[in-house]
Amino acid sequence: MKTIVVFKSKSGFVKKYATWIAEELEADLLEYSKVTIKELESYDTIIYGGGLYTVGINGIKLITKNLNRLKDKRIVVFASGATPPRKDDIEKVKNKNFTKEQQKQLQFFYLRGGFDYKKLNLGDKLLMKILKWKLKMKKTLMPDERGILASYTVPVDFTKKKNIEEIILYVNS
């Protein structure tokens, strides 16, 4: 089986996971900007990874807009974000990014990544400053919100190679 791992990573966490997955599966590895749908059609298994931004998966339209062209392929999508994996949150991500029909055509995984404010582009930094301002205005913060505020000054990295095990098992099954 010919496998490819495609990723779109802004701050490196998705790239780290994509690299580990490609190594474990002896798969090709390509950055999102360097792949075409025509290239993807030559693979049996396509794994796509993108960062999570307010429940949207970065670059996911590459897959969702072309599912009809990839219908005979095994499609795996993973998203990486800084928050701990929670079943309700993962369902929100799935339902926001994929229709019920699309969910039948692919397998989705969430891999906890991290946050490094310094690696963000100017637009993302602006959005995060607004979020920081909103959080500071709150009287009571949830644990995740306290973690977000702390990570502005100290980057956090929750990536672990063991987090890819479910994806590897799924692809190899």
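This is a predicted model: local features need pLDDT of at least 70, side-chain atom pairs count only at pLDDT 80 or more; totals for chains, interfaces and linings use all residues.

Reader: Okay, which residues is N97 in contact with, leaving aside its neighbours within four places in sequence?

Author: N97 is in contact with V55, G56, I57, I60, T64 and Q102. N97 itself belongs to helix α4, which covers residues 87-97.

Reader: Is N97 buried or exposed?

Author: The cut-off for buried is under 20% relative accessible area. N97 has 12% relative accessibility, so it counts as buried.

Reader: What lies 2.9 Å from a polar atom of the N97 side chain?

Author: That's the backbone nitrogen of I57. I57 is worth a look from its own side too: not counting residues up to four places away in sequence, it touches Y48, G50, G51, L52, V77, A79, V93, N97, F98 and F108.

Reader: How should I think about a nonpolar core, then?

Author: The general idea is that in soluble globular proteins, nonpolar side chains tend to be buried together. In this model, the largest nonpolar core has 23 residues, and L40, I57, I63, V77 and F108 touch the most other members. Elements giving two or more residues to this core are β1 (3-8), α2 (37-40), β3 (45-53), α3 (61-64), β5 (74-81) and β6 (106-112). There's also a second, separate core of 19 residues, with V5, F7, W20 and F78 among them.

Reader: Last topic: charges. How many salt bridges does a search of the whole structure find?

Author: In general, side chains of opposite charge can pair when their charged atoms come close. Here the search finds seven salt bridges. In one of them, the side chains of D157 and K16 meet at 2.8 Å, N to O. That pair links distant parts of the chain, with D157 in strand β8 (residues 156-157) and K16 in helix α1 (residues 13-25), 141 residues apart. D157 counts as partly exposed at 42% relative accessibility, and K16 counts as partly exposed at 30%.

Reader: And how far apart in helix α4 are K94 and E91?

Author: They are three residues apart, which means about one helical turn separates them. Their side chains meet in a salt bridge at 3.4 Å, N to O. K94 is partly exposed at 22% relative accessibility, and E91 is partly exposed with a relative accessible area of 32%.

Reader: Which residue does R86 form a salt bridge with?

Author: R86 pairs with D89, and the closest N and O atoms are 3.2 Å apart. R86 is partly exposed at 34% relative accessible area, while D89 is partly exposed at 27%.

How values were computed:
Residues are numbered from 1 along each chain as its sequence is written. Side-chain values use heavy atoms; hydrogens and water are left out. Helices (H or I, at least four residues) and strands (E, at least two) are DSSP runs, numbered from the N terminus. Buried means under 20% relative accessible area, exposed over 50%, partly exposed in between (1.4 Å probe, protein chains only). A polar contact is a pair of N or O atoms within 3.5 Å; within protein, one must be able to donate a hydrogen and the other to accept it, and residues adjacent in sequence count only if both atoms are side-chain atoms. Contact means heavy atoms within 4.5 Å. A nonpolar core is a set of buried Ala, Val, Leu, Ile, Met, Phe, Trp, Tyr and Cys residues joined through side-chain atoms within 4.5 Å. A salt bridge is a side-chain nitrogen of Lys or Arg within 4 Å of a carboxyl oxygen of Asp or Glu.
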